[in-house]
Amino acid sequence: MPSSLTYRFSELALTTHPPESAVEVSRSGLIDYLGCAFAGIDNPAYQKVRAAFLPLAGQKGSFLLGQDTAVDPATAALLNGTLSHILDFDDIHSDVRGHPSIVVLSALFAYLPNIPNVTAIQFLAAYCVGVEAMARLGRAMRHKHYETGFHATATLGPLGATVALGYLLKLTPDLLSNSLGIAATQAAGLRAQFSTEVKPIHAGFAARSAISAILLTLSGVEGNRNILESQFGFFKTLGMDDALPSVCLNDWGKEWAIEKPGLIFKLYPCCGASYLPISAFLKLRENNSFPLNEIEKIIVTFPLGGDAALTVTKPETGRQGQFSIEYILAAFLVKKNIDLSIFKDKVVAPDILSVMPLISREIDFQAPSLQEAPEKRFAKVTVIYKNSRSISYVARSLSKVTQYEIKNKFFLNTKSVLKDSFDVWNNIHSMKSSKDLKSLLYSLSKTQ
């Protein structure tokens, strides 16, 4: 047992100690997570999920974002995860190829009342370790998993959140190995649900799976403790012979995924795969005008696999538009900027709809695919005018989001719903003790 990959992964996760620099970065991740969650608290899709599960929920032992209603930890994790992803405004991570914070933090918040005397630093450290676990599993899983149709947030998330909970609970490596086996057998989520109301529930399912894995282990349920390396286990089955399982063990503690390559914070509530094209478009717009009557067409070029998450080409609603580069760039052309208002579930506005035919996408088959060279990911935007003039720009990286931008996003998203948003901001950036953490939970339960 001690020589197994799963045991070693568990042991490394449980004995690691995030440096102060990683914990400080986690504060920004937490504040962004909360901003995204509270911005969606009145969203009709989230209200549907609440209506489905709250009436049957148990009545104790959890923390539910945005209200002081007592529910069970599994229901709280499901609702916390759904809420924080309902707007698709939350952070992403390139190693995960998905959204780590919404799963890890949603599970931690849900289970927190069951662990006495947790300090804020311990909570943030567990968050760091959960993100680390998800990133390592993502690197080891590689690309075939995602490009076949699995949603990595939903499949890697149960294991990452289980590691975070196990770290906070100070489980033994043997018990965490068992928990990972139970989490892995629940790992599921299909990219076919992108652009629907089900996609954000993937985060809720993943967080709930982690709670279930921990509760079942603590109740004595025995499962496969070698799930990462088993013949019919996590990597072999979901990786489809593309995975490299041992990669998840490499150099624990040398660098922290929450710092490098780091969380990618969103300034626009749409799919992360649209961010390189947006960056290229905005770079072109700095020195060029785009009169609609003078544009012949706009072409967005990706490497093979680069637009895999952008599953919609002809959206009919704003929600579908979150996954359509055609819609997103058309909205920039018409509105000059984009915000939450254009991604609601209503029918696409006629002015944006009329511009979308100008925008098309193509694949550069001469460039390395995302599977071959993920570090060479790019998006090229070419604007062709009716007078045959053309301009183009290739974006290969994203500008770092500043602390000011994170703060501004948080206050814009929470000002109408969170009663003590300023106190929450200050608390998160200074909290250390268990008293500080309890104060944060109290503030997060008070909405306008």
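**Salt bridges, backbone and helix packing**

Trainee: How far apart are Glu132 and Arg136 in helix H6?

Mentor: They are four residues apart in that helix, so about one helical turn separates Glu132 from Arg136. Please keep in mind that this is a predicted model.

Trainee: What do the side chains of Glu132 and Arg136 meet in?

Mentor: They meet in a salt bridge, with an N to O distance of 2.8 Å.

Trainee: And are Glu132 and Arg136 buried or exposed?

Mentor: Glu132 is buried, and Arg136 is buried as well.

Trainee: How many salt bridges does the count come to?

Mentor: The count comes to 18 salt bridges. One of them joins Glu24 to Arg27, where the closest N and O atoms are 3.1 Å apart.

Trainee: Where do Glu24 and Arg27 sit, then?

Mentor: Both are in helix H2, residues 20–39. Because Glu24 and Arg27 are three residues apart there, about one helical turn lies between them.

Trainee: Is Arg27 buried or exposed?

Mentor: Arg27 has a relative accessible area of 2%, which means that it is buried.

Trainee: Which residue does Arg225 form a salt bridge with?

Mentor: The partner of Arg225 is Glu222, and the closest N and O atoms are 2.3 Å apart. Arg225 is buried, with a relative accessible area of 13%, whereas Glu222 is exposed, with 59%.

Trainee: Which residues are linked in a network of salt bridges?

Mentor: Asp88, Lys199 and Lys266 are linked in that way.

Trainee: Changing topic to the backbone: what is the peptide bond from Lys260 to Pro261?

Mentor: That bond is cis, with omega near 5 degrees. Pro261 belongs to helix H12, which covers residues 258–262.

Trainee: What phi does Arg142 have?

Mentor: The phi of Arg142 is positive, about 65 degrees, although the residue is not a glycine. Arg142 is found in the loop between helix H6 (120–141) and helix H7 (144–148), and it is partly exposed, with a relative accessible area of 34%.

Trainee: And what about the phi of Asp241?

Mentor: Asp241 is not a glycine, yet its phi is positive, about 70 degrees. The residue lies in the loop between helix H11 (234–239) and H12.

Trainee: Why is Asp241 classed as it is for accessible area?

Mentor: Asp241 has a relative accessible area of 63%. Exposed means over 50%, so Asp241 is exposed.

Trainee: On to packing: at what angle do the axes of H9 and H10 cross?

Mentor: The axes of helix H9 (residues 173–184) and helix H10 (residues 199–218) cross at roughly 130 degrees and come within 8 Å. H9 and H10 are therefore oblique to each other.

Trainee: Is the crossing of H9 and H10 right-handed or left-handed?

Mentor: The crossing of H9 and H10 is right-handed.

Trainee: Which residues in H9 and H10 meet?

Mentor: On the H9 side they are Leu175, Asn178, Ser179, Ile182 and Ala183, and they meet Ala213, Ile214, Leu216 and Thr217 in H10. Six residues of this contact are nonpolar, three are polar and none is charged.

Trainee: Last one: where does Thr317 lie?

Mentor: Thr317 is in the loop between strand S1 (295–303) and helix H14 (318–321). With a relative accessible area of 19%, Thr317 is buried.

Trainee: What does Thr317 touch, not counting residues up to four places away in sequence?

Mentor: With those neighbours left out, Thr317 touches Lys344, Asp345, Lys346, Val347 and Val348.

Terms used
Residues are numbered from 1 along each chain as its sequence is written. This is a predicted model: local features need pLDDT of at least 70, side-chain atom pairs count only at pLDDT 80 or more; totals for chains, interfaces and linings use all residues. Side-chain values use heavy atoms; hydrogens and water are left out. Helices (H or I, at least four residues) and strands (E, at least two) are DSSP runs, numbered from the N terminus. Buried means under 20% relative accessible area, exposed over 50%, partly exposed in between (1.4 Å probe, protein chains only). Contact means heavy atoms within 4.5 Å. Axes are lines fitted to C-alpha atoms, for helices over the stretch in contact, and angles run from 0 to 180 degrees between N-to-C directions. Angles under 35 degrees count as roughly parallel, over 145 as roughly antiparallel, 65 to 115 as roughly perpendicular and the rest as oblique. A crossing is left-handed if the near helix is turned anticlockwise from the far one by less than a right angle, and right-handed if clockwise. Ala, Val, Leu, Ile, Met, Phe, Trp, Tyr, Cys and Pro count as nonpolar, Asp, Glu, Lys and Arg as charged, and the others, Gly among them, as polar. A salt bridge is a side-chain nitrogen of Lys or Arg within 4 Å of a carboxyl oxygen of Asp or Glu.
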